[in-house]
Amino acid sequence: MAEFKETTLLLQHRFDPKAKQHYLNNNLSVLHCHHYLTLYTQLALDAGETKLLADTAEDVFLEMLQNYFGQHAVTELSEKIELGCQYFAAMGLGKLAVDYLGEFAGKVRMEKSHVDEGWIKKWGAFDAPVNYVGRAYISALFSAVMGAGRGAYSVNEVESIVMGASQSVFNVTRD
């Protein structure tokens, strides 16, 4: 008989009133603010530093996911993927759906994207994808699930909400 196992992300929120900082599972976090995310994405674009933004985000997300999987003894591929999608939503970044995730390639859909939604509210549609943080998260998720290091995966946004698509679609390849 088949057994059904529900996968639920465990979150501990802590606020340090002295430092005015929020923590999720002991990771310093800026809780959902698509306007803030949109503004620093625009700043990175203006400064020509989108790679720095993405690399920094990937470092943080990879460590966060690896720590969570290790602390909760998560070893099953499907469970890691589900928890990774739940974590993305819990941080207020949107809604991910992983169509497939393999060692060398994958495909992810972002059905909701708070950075795209914030961008559209502030400035309207744009002629290029702006979800550098989302791409970094997806790369970190693939690395954490497959046991690879940061930068092991390249993520290409082939459809983008900010460009008018109903959802963003990301192709992932192993570097």
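These are my notebook entries on a predicted model of one protein chain.

**Entry 1: the whole chain**

I began with the overall layout. The secondary structure comes to five helices and seven strands. Reading along the sequence, I wrote down the pattern β-β-β-α-α-α-β-β-α-α-β-β.

Next I looked up the extent of the chain. The C-alpha atoms fill a box of roughly 50 × 45 × 30 Å along the principal axes. For 175 residues, a compact globule would have a radius of gyration near 16 Å, and the chain agrees with this because its own value is 16 Å.

I also checked burial and contacts. Buried residues account for 45% of the 175 residues. Of the contacts between residues at least 6 apart in sequence, 59% join residues at least 24 apart.

**Entry 2: the sheet β1-β2-β3**

An open sheet of three strands has the order β1-β2-β3, and its pairing is antiparallel. Which strands stand at the edges? They are β1 (13-16) and β3; each has a single partner strand, so one side of each is left without a neighbour in the sheet. Ignoring direction, neighbouring strands of this sheet are turned by 35° against each other on average.

I looked at one pair in this sheet in detail. Three bridges join β2 to β3, and Y23 has L28 in β3 as its bridge partner. The loop between these two strands holds N25. I noted N25 because it has a positive phi of about 50° without being a glycine, and because it is buried at a relative accessible area of 15%, where the limit for buried is under 20%.

**Entry 3: helix α2 and what follows it**

I compared the length of α2 with expectation. The 22 residues of α2 should span 32 Å at 1.5 Å a residue, and the end C-alpha atoms are 31 Å apart, which agrees.

Which residues of α2 are buried? I found L53, A54, A57, E58, F61, L62, M64, L65, Y68 and F69. An α-helix has 3.6 residues a turn, so residues three or four places apart point the same way. The cover over the buried residues of α2 includes β3, α1, α3 and α5.

Just after α2 comes A73, with a positive phi of about 50°. A73 is not a glycine either, and its place is the loop between α2 and α3. Is A73 buried or exposed? A73 is exposed, because its relative accessible area is 60% and the cut-off for exposed is over 50%.

**Entry 4: helix α3**

I repeated the length check on α3. Its 14 residues reach 20 Å from first C-alpha to last, close to the 20 Å expected at 1.5 Å a residue.

The buried residues of α3 are E79, K80, I81, L83, G84, C85, Q86, Y87 and F88. What covers them includes β2 (21-24), β3 (27-29), α2, β4, β5 and α5. After α3 I found G92, with a positive phi near 80°.

**Entry 5: the pair β4 and β5**

How many bridges join β4 to β5? I counted seven, with the two strands running antiparallel. A hairpin of three residues connects β4 to β5. One bridge I looked up pairs G94 with S113 in β5.

**Entry 6: the largest nonpolar core**

The largest nonpolar core has 42 residues, and F61, L65, Y137 and I138 have the most contacts inside it. At least two residues of this core come from each of α1 (34-47), α2 (50-71), α3 (77-90), β4 (94-101), β5 (105-113), α5 (132-146), β6 (153-159) and β7 (168-174). Which element gives the largest share? That is α5, with ten residues.

Finally I followed L65, one of the buried residues of α2. Leaving aside residues up to four places away in sequence, L65 touches G84, Y87, Y137, A140, L141 and A144. Two of these I had already noted in α3: G84 and Y87 are both on the list of buried residues of α3.

Note on methods:
Residues are numbered from 1 along each chain as its sequence is written. This is a predicted model: local features need pLDDT of at least 70, side-chain atom pairs count only at pLDDT 80 or more; totals for chains, interfaces and linings use all residues. Side-chain values use heavy atoms; hydrogens and water are left out. A nonpolar core is a set of buried Ala, Val, Leu, Ile, Met, Phe, Trp, Tyr and Cys residues joined through side-chain atoms within 4.5 Å. Buried means under 20% relative accessible area, exposed over 50%, partly exposed in between (1.4 Å probe, protein chains only). Helices (H or I, at least four residues) and strands (E, at least two) are DSSP runs, numbered from the N terminus. Contact means heavy atoms within 4.5 Å. The expected span of a helix is 1.5 Å times one less than its number of residues. Two strands pair if DSSP finds at least two bridges between them. Axes are lines fitted to C-alpha atoms, for helices over the stretch in contact, and angles run from 0 to 180 degrees between N-to-C directions. The radius of gyration is taken over C-alpha atoms; the globule rule is 2.2 Å times the number of residues to the power 0.38.
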